[in-house]
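Visitor: I would like a short tour of this model. Where shall we begin?

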2 protein chains.
Amino acid sequence: MENTVIESRLQKKGVKPTANRITVFRTLSEMQGPVSLSDLEDRLPTLDRSSIFRTLTLFLEHHLLHSIEDGSGSLKYEMCGNDDDCSIDDMHVHFHCEVCGKTYCFEDLHIPSVDLPSGFIPRSVNYVVKGICDSCKNKQ
Amino acid sequence: MENTVIESRLQKKGVKPTANRITVFRTLSEMQGPVSLSDLEDRLPTLDRSSIFRTLTLFLEHHLLHSIEDGSGSLKYEMCGNDDDCSIDDMHVHFHCEVCGKTYCFEDLHIPSVDLPSGFIPRSVNYVVKGICDSCKNKQ
DNA sequence: ATAAAGTTTGCAATCCGGTTGCAAATGTTT
DNA sequence: AAACATTTGCAACCGGATTGCAAACTTTAT
């Protein structure tokens, strides 16, 4: 992905496109599926952990990312769908394998909605299934 | 709740009913909704953090409890429905308020199921909505 | 261009929830 | 009551998340 494209996407959401931010953005786009802070740290050894963290936080606030809590102990991040805001309706189901620890991202499995009691305002939804993935099932 | 009742429920699930475990069990039953390890620690200052932790882990293994990951950073625990095993189908929706940090438990909102790709075996499901709760909405 | 003001970054330190090793206390068995 | 097993508390540790602070860098105003 070209820098200019990334820059304009950041700018469109009100994020100043610094070198680090562009790097983090590109890396997140390249790594398909949900990634953790440590994943990014490993991939970007020149950047400091705290800088990556602050970048992720900023991206979250500006709706470039959403976060997922699978049962792994560390928060995962994932790019929002390409251009539109990360709305609740395009969030999808995740699966966390209890054997290999991998988090799968079922993009085409749309999260079914529920009717909240009145007065409760939803902002995001997390639907995470834990169990055994296909690959681990077959290995055993 | 009488001790004898608690004791027999523990025994039925294969957990030896020690004094601590009975205490933790009763406290969990009394505190309605999902509670964290720290919540229990505050409520039970005579027990050690590690003892509570080990008790919760034991209860989890023996399906007396289930755990929920809302966005709060700490795992929450909640008693399973009264007598039957804690099956996926009786798990319910949780709501985490981003303002006050409280986790609500919508017992009557059953988690809608999705069709996983073939080969994926579900063991538990987490459906957590984050947003603003009724009470915080009105306060502001 | 340069000084002043604001922003971003890296480092180091800290926080905090979760988890474990170990020895003392308690309970169980014979 | 001796031998053994289980449970508990203490203290320490771990790892992910988060922050204070000063240095580097950008932007703005002069």
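**Where the chains meet**

Visitor: How many residues does the contact take from chain A and from chain B?
Guide: This is a predicted model. Two residues are in contact if their C-beta atoms lie within 7 Å. Counted that way, the contact takes 28 residues from chain A and 28 residues from chain B.

Visitor: Which element gives the largest share of the side of chain A that touches chain B?
Guide: Four elements of chain A each supply at least two residues there: β4 (92-97), β5 (103-110), β6 (121-132) and α5 (134-139). The largest share is 12 residues, and the element behind it is β6(A).

Visitor: In β6(B), what is the bridge partner of Lys130(A)?
Guide: Start with the strands. β6(A) pairs with β6 (residues 121-132) of chain B in the antiparallel sense, over 11 bridges. In β6(B), Lys130(A) has as its bridge partner Ser124(B).

**Inside chain A**

Visitor: How many strands are there in chain A?
Guide: Read the elements from the N terminus: α-α-β-α-α-β-β-β-β-β-α. Chain A has 5 helices. Its strands number 6.

Visitor: Which strands are at the edges of the open sheet in chain A?
Guide: The open sheet has 3 strands, in the order β1-β3-β2, with antiparallel pairing. An edge strand pairs on one side only. In chain A those are β1 (35-36) and β2 (65-68).

Visitor: What percentage of the residues in chain A is buried?
Guide: A residue counts as buried if 20 or more other C-beta atoms lie within 10 Å of its own. Chain A has 140 residues, and the buried share is 26%.

**Beside the DNA**

Visitor: Which element supplies the largest share of the surface near DNA strand D?
Guide: In all, 20 residues surround DNA strand D, and Ser50(A) and Thr18(B) are among the closest. Helices that each supply at least two residues include α3 (37-43) of chain A and α2 (19-30) of chain B. The largest share is 4 residues, from α4(B).

Visitor: How many polar residues does the surface near DNA strand D have?
Guide: Sort that surface by class. It has 5 nonpolar and 5 charged residues. The polar residues number 10.

Conventions. Residues are numbered from 1 along each chain as its sequence is written. Chains are lettered from A and ligands numbered from 1 in the order in which they are written. This is a predicted model: local features need pLDDT of at least 70, side-chain atom pairs count only at pLDDT 80 or more; totals for chains, interfaces and linings use all residues. Two strands pair if DSSP finds at least two bridges between them. A residue is near a molecule or strand if its C-beta atom, placed from the backbone, lies within 6 Å of it. Ala, Val, Leu, Ile, Met, Phe, Trp, Tyr, Cys and Pro count as nonpolar, Asp, Glu, Lys and Arg as charged, and the others, Gly among them, as polar. A residue is buried if 20 or more other C-beta atoms lie within 10 Å of its own, exposed if 12 or fewer, and partly exposed in between; C-beta atoms are placed from the backbone.
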